[in-house]
Amino acid sequence: MTAIISNVELIDLDLKELVITDPIGKDNPPLLITSFDNSIDNNAHTDPNGTTQQALQLSDFAVNWEEKVSDSVLDKLALEGWIVIDNVFEDKALLALQSESGFIDYREANLTAGVRISHIRGDKIRWINKDFFAGFYYLQSINQLASHLNRSLYTGIRHSEAHYACYPTGFGYQWHSDNPAGRDERVISAVFYLNDNWEATDGGAVEIVDSQGIHHEVMPVANRLIIFDSNLQHQVQIAHRQRYSIATWMRRDGLVPFVEEG
């Protein structure tokens, strides 16, 4: 098995209590308009600039989590600490997320405040907030999954957070766990993959060591969600083509708002 070199000691979460106005929530959803191909829906219309537009709704991201994460799947998650779910969303939601991920102004991802260590972590990210409409609805669906896990496994999840991630060619993310040393706010991690037609030669697989000490590799194919205990060690292999995903965390602490620097 590959030797594990953890970089959790390098991660420094600088959490600040901030006041946010007009927060997004179930009672204050954003208006969502995004671009699609005309073949998706014959009711789509074209704006004066020639862009096909179609409104999205929360129902477009509906997932029957009780069916996809059945009792037997829950047993595997409890025993081994990880599961993989394929074909998570219908085409409309997947295309919305793929489209949104391709038009983001990505920012450099850091391990410590203001520090970029590209030989350890090479992804560029953008936290999902009120400006990322498809991402917002993705998070609402993830919150439904969290509720299912709370009912079934008593995980104590209180909220979720996520960011879009882009790995340029030639970059990955070395072995780490998602909770820094001495912290346990993140209960469950999940990564949703966005690249169509991903091949083994494209690299970028996620490697994970489950709670039984067994090593696994998972290819980042579109519409696949890997779910795992946030304390498990994992890494992203070097990608040989640009790789897109959504990194997600289900947390047990209260919501701590953040401000992204411009």
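Which residues does S245 touch, not counting residues up to four places away in sequence?

## Meeting S245

Welcome to this predicted model. S245 touches H163, Y164, A165, V191, F192, Y193 and L194, once residues up to four places away in sequence are set aside. S245 has a relative accessible area of 2%, and because buried means under 20%, this residue counts as buried.

You will find S245 in strand 14. From C-alpha to C-alpha, S245 and N195 lie 7.7 Å apart in space, although 50 residues separate them in sequence.

Now let us look at the strand itself. Strand 14 covers residues 243-251, and nine of the nine are buried, so the rest of the structure largely encloses this strand. Both of its faces are covered: R243, S245, A247, W249 and R251 are buried on one side, while Y244, I246, T248 and M250 are buried on the other.

Two pairings involve strand 14. Strand 7 (residues 159-167) pairs with strand 14 in the antiparallel sense over nine bridges, and here A165 stands opposite S245. Strand 9 (residues 186-193) also pairs with strand 14 in the antiparallel sense, over seven bridges; in this case V191 stands opposite A247. Both A165 and V191 are among the residues that S245 touches.

## A look at helix 3

Helix 3 runs through residues 91-101 and is mostly covered, with eight of its 11 residues buried. Those buried residues are A93, L94, A96, L97, Q98, S99, E100 and S101.

Notes:
Residues numbered from 1 in each chain as written. Predicted model: local features only at pLDDT ≥ 70, side-chain atom pairs only at ≥ 80, totals over all residues. Heavy atoms only, no water. Buried < 20%, exposed > 50% of the residue type's maximum accessible area, 1.4 Å probe, protein only. Helix = DSSP H or I, 4+ residues; strand = E, 2+ residues; numbered from the N terminus. Pairing = 2+ DSSP bridges. Contact = heavy atoms within 4.5 Å.
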